[in-house]
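Hi everyone, thanks for coming.

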Amino acid sequence: MSIKPLLPGALGFGTAPLGNMFRAIPDEEAAATVEAAWDQGIRYFDTAPFYGAGLSEIRLGDVLAQHPRDEFVLSTKVGRVILDEIEDPAARDLGEKGGLFEHGRPNKMVNDYTADATLRSIEDSLKRLRTDRLDIVWVHDVAQDFYGDEWLAAYETARTGAFRVLQKLREEGVIKAWGLGVNRVEPLELTLDLDEPKPDAFLLAGRYTLLDHDRALQRLLPAAAAQDVDIVVGGPYSSGILAGGTHFEYQQAPAHIIDKVARIKALTQRHGVGIKSAALQFSLAHPATAAVIPGATRPSRIAEDLAALGEPIPAAFWTDLRAERLIAQDAPVPTA
Ligand SMILES: NC(=O)c1ccc[n+]([C@@H]2O[C@H](COP(=O)([O-])OP(=O)(O)OC[C@H]3O[C@@H](n4cnc5c(N)ncnc54)[C@H](OP(=O)(O)O)[C@@H]3O)[C@@H](O)[C@H]2O)c1
């Protein structure tokens, strides 16, 4: 089932950074960023228990609780349960993403994709988000970047646990849609091959961006489109480097990525185009993508994102990107 009718538009707001992803953000700044999104008409918000061990959900819920529940679409995730027990956030084993959310809450997080943990996680999220229902639930990070060679075992637990529970909740009308929220294409390709359970959509982060899209373009996106499984593009700025920041894949960007971004930037400057505009519009140009959900911690970013979405981009810019082999030859590009 396509989730396009469920989503209020092509631009949502991703709240991972509000869990103190890279830095400790004052509560007021986090609230002002969500309020800026609301005031400028954003009505789809994504969060997760993982984002600061509940901090992003709490901050988002504080603002959204002031607005009628029917007026916005909310997604969160399952796969990590937040306990009352305290741990050192800097010492967590996060695979390739070490150090992430070390400024978040110090609550212990337990990876758990079983049916029971899924239900518990949803109950806990509802409380932190101060709401009585979720619209979309993503099974979070069941992939190699977090579990290394053990990822298929985690996936199997999710397939027989979280996936089935979420499918049942969707059939009962408790939630409107479910899927996986990951930074890797492999678990999504695997899921599309299953007869049952069938997800409605995927949140794919960082793998269908202006900077990195080859693999998803080959098999995943055509297969998803053929099954009417929409893609929500997370991390459309590749975690910051495409927007003027310094992060790629949630770490300081390596030299070859900085060089590639510099080459893309040179073309944006030649054509008088904003790089954020190119990034958001590229991700949205594929027919399989339903929305982009850039993240931010500063209120001013929201207006930037909205302007980026609406900026006219000359066709010659995309032609030059192709000619310089900075995007795949067969990647769809926006038409004016
Ligand atoms: N596994 C999953 O399901 C998964 C994984 C990743 C992401 N996601 C979802 O996708 C959302 C978006 O991803 P993301 O937030 O990780 O990354 P992103 O949207 O690619 O990039 C966000 C970063 O870009 C920076 N930025 C924006 N405009 C800028 C500017 N003009 N100059 C410098 N920096 C700028 C922001 O910095 P400031 O903080 O300074 O504003 C923020 O740190 C997440 O919030 C989450 O909802 C899901």
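Before we start, one word you'll hear a lot is "buried": a residue is buried if 20 or more other C-beta atoms lie within 10 Å of its own, exposed if 12 or fewer, and partly exposed in between, with C-beta atoms placed from the backbone. Also, what we're looking at is a predicted model, where local features need pLDDT of at least 70, side-chain atom pairs count only at pLDDT 80 or more, and totals for chains, interfaces and linings use all residues. Residue numbers run from 1 along each chain as its sequence is written.

When I say helix or strand, I mean a DSSP run, H or I of at least four residues for helices and E of at least two for strands, numbered from the N terminus.

Okay, the sheet. It's an open one made of 8 strands, in the order β1-β2-β3-β6-β7-β8-β9-β12, and the pairing is parallel. Out at the edges sit β1 (13–14) and β12 (289–293), each pairing on one side only. "Pairing" here means DSSP finds at least two bridges between two strands. Take β2 (residues 44–46) and β3 (residues 73–78), which pair in the parallel sense over 3 bridges. There, aspartate 46 is opposite serine 75 in β3.

Now, two helices. Why do we call α10 (residues 275–285) largely enclosed by the rest of the structure? Because 10 of its 11 residues are buried. Those buried ones include Ile275, Leu280 and Phe282. Their cover includes β9 (230–234), α9 (255–271), β12 and α11 (300–310).

Helix α2 (residues 55–64) has 8 of its 10 residues buried, so this helix is largely enclosed too. Among the buried ones are Leu55, Ile58 and Leu64. The buried residues of α2 pack against α1 (27–39), β2, β3 and α3 (115–129).

Last stop: proline 17, in the loop between β1 and α1. Proline 17 counts as buried because it has 24 C-beta neighbours inside 10 Å. Setting aside neighbours within four places in sequence, proline 17 is in contact (C-beta atoms, placed from the backbone, within 7 Å) with Phe22, Gly295, Ala296 and Thr297.

How values were computed
Contact = placed C-beta atoms within 7 Å.
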